[in-house]
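Subject: Structure for you to look at

Hello,

I am passing on the structure we spoke about, with notes on what turned up in it. Please have it open while you read.

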Amino acid sequence: MVFEFPADLAPEVYPLAWLVGRWHGTGELNHPAVGRRPVTSEIVFDHDGGPYLRFVSTLRTVEEAGPDGPTLENVFSTETGYWRISPDRPEGLPEGTHALEVLLADASGRLSLFLGWVGNGRVDLATDFVARTATSAEVTAAKRVYGLVEGRLMWAEDLAAFGEPMRTFSSAELDRLGGDGQDGEA
């Protein structure tokens, strides 16, 4: 598959260009606080020409209504934010990678600042700061990895949350849907 840079993409985010688009797939939640259950995941990376990518992610639980009933998908979480390449290059950053800053807001009342790196079709992130409202779930830290594997976007998230230490929380494998994802279109 030939990759083309999206039109009007700011040069500052070229290392993230492979993420631009609408992605959809399946995965699972697996944590003592929420149980083990199948999910669908949709992620959109788009841009407006600024030196960042916009990010929208929706995770839905999948539940069978019954043997002859429809499959129900209920929104479990939604988050929005911005991904940008840092102009600073931290000491020890591997060659061929770029420092990454990710700001995310979760609809449940949590704000997270992730720091990490992107390179060679992989993103590694860890929270540097988590703020939450009094009614938000108790999440104190998170780690995420995203990777492009044979044209599919794989992601996994570990959380320190709900009184539990850092452990696997969710993961999914997504396929890119048609279009370039610009302006939320795909």
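A word on confidence comes first: pLDDT is the predictor's confidence in each residue, on a scale from 0 to 100. The chain has an average pLDDT of 91, and 92% of its residues score at least 70. This is a predicted model, in which local features need pLDDT of at least 70 and side-chain atom pairs count only at pLDDT 80 or more, while totals for chains, interfaces and linings use all residues. Residues are numbered from 1 along each chain as its sequence is written, and side-chain values use heavy atoms, with hydrogens and water left out.

One stretch needs care. Over residues 180–186, pLDDT stays under 50. The model has 22 contacts (heavy atoms within 4.5 Å) for these residues beyond four places in sequence. Where pLDDT is low, the predicted coordinates should not be read in detail.

Pocket and cavity

Both were found on a 1 Å grid over the protein atoms alone. A cavity is a set of points where a 1.4 Å probe fits but cannot get out; a pocket is an open set with protein on both sides within 12 Å along at least five of seven lines. Lining residues have an atom within 4 Å of a point. Grid points are joined across faces, edges and corners, and a volume is the space filled by probe spheres set on the points.

The largest pocket has a volume of about 350 Å³. It is lined by 22 residues, and those closest to its centre are Ser77, Asp106, Arg110, Glu157 and Phe169. The elements below are DSSP runs numbered from the N terminus: helices (H or I) have at least four residues and strands (E) at least two. Two or more lining residues each come from strand E3 (53–64), strand E4 (71–85), E8, E9 and strand E10 (167–176). E4 gives the largest share of this lining, 4 residues. By class, the pocket lining has 11 nonpolar, 6 polar and 5 charged residues. Here Ala, Val, Leu, Ile, Met, Phe, Trp, Tyr, Cys and Pro count as nonpolar, Asp, Glu, Lys and Arg as charged, and the others, Gly among them, as polar.

The structure also holds 1 cavity of 30 Å³ or more. The space in the largest cavity comes to about 70 Å³. Of its 13 lining residues, Glu79, Arg110, Ser112, Phe114 and Arg144 are the closest to the centre. Strand E5 (98–106), strand E6 (110–119), strand E8 (139–149) and strand E9 (152–161) are the elements that give two or more residues to this lining. E6 supplies the largest share, 4 residues. The cavity lining divides into 6 nonpolar, 2 polar and 5 charged residues.

Salt bridges

Side chains of opposite charge can pair when their charged atoms come close. A salt bridge here is a side-chain nitrogen of Lys or Arg within 4 Å of a carboxyl oxygen of Asp or Glu, and the count by this rule is 12. For exposure, buried means under 20% relative accessible area, exposed over 50%, and partly exposed in between (1.4 Å probe, protein chains only).

Arginine 144 and glutamate 157 meet in a salt bridge at 2.9 Å, N to O. Arginine 144 lies in strand E8 and glutamate 157 in strand E9, 13 residues apart, and the pair links distant parts of the chain. Both residues are buried. Salt bridges that share partners also join Asp46, Asp48 and Arg54 into one network.

Arginine 36 pairs with glutamate 28, with the closest N and O atoms 3.1 Å apart. Arginine 36 is exposed at 61% relative accessible area, whereas glutamate 28 is partly exposed at 26%. Arginine 122 and aspartate 124 form a further salt bridge (2.4 Å, N to O), and arginine 122 is partly exposed at 39%.

Loops

Asparagine 120, in the loop between E6 and E7, has a phi near 55°, a positive value in a residue other than glycine. Asparagine 120 is exposed, at 73% relative accessibility. Phenylalanine 162 also has a positive phi of about 55° although it is not a glycine. Its place is in the loop between E9 and E10, and phenylalanine 162 is partly exposed at 33%.

Threonine 133 sits in the loop between strand E7 (122–132) and E8. Not counting residues up to four places away in sequence, threonine 133 touches Ser108 and Gly109.

Regards
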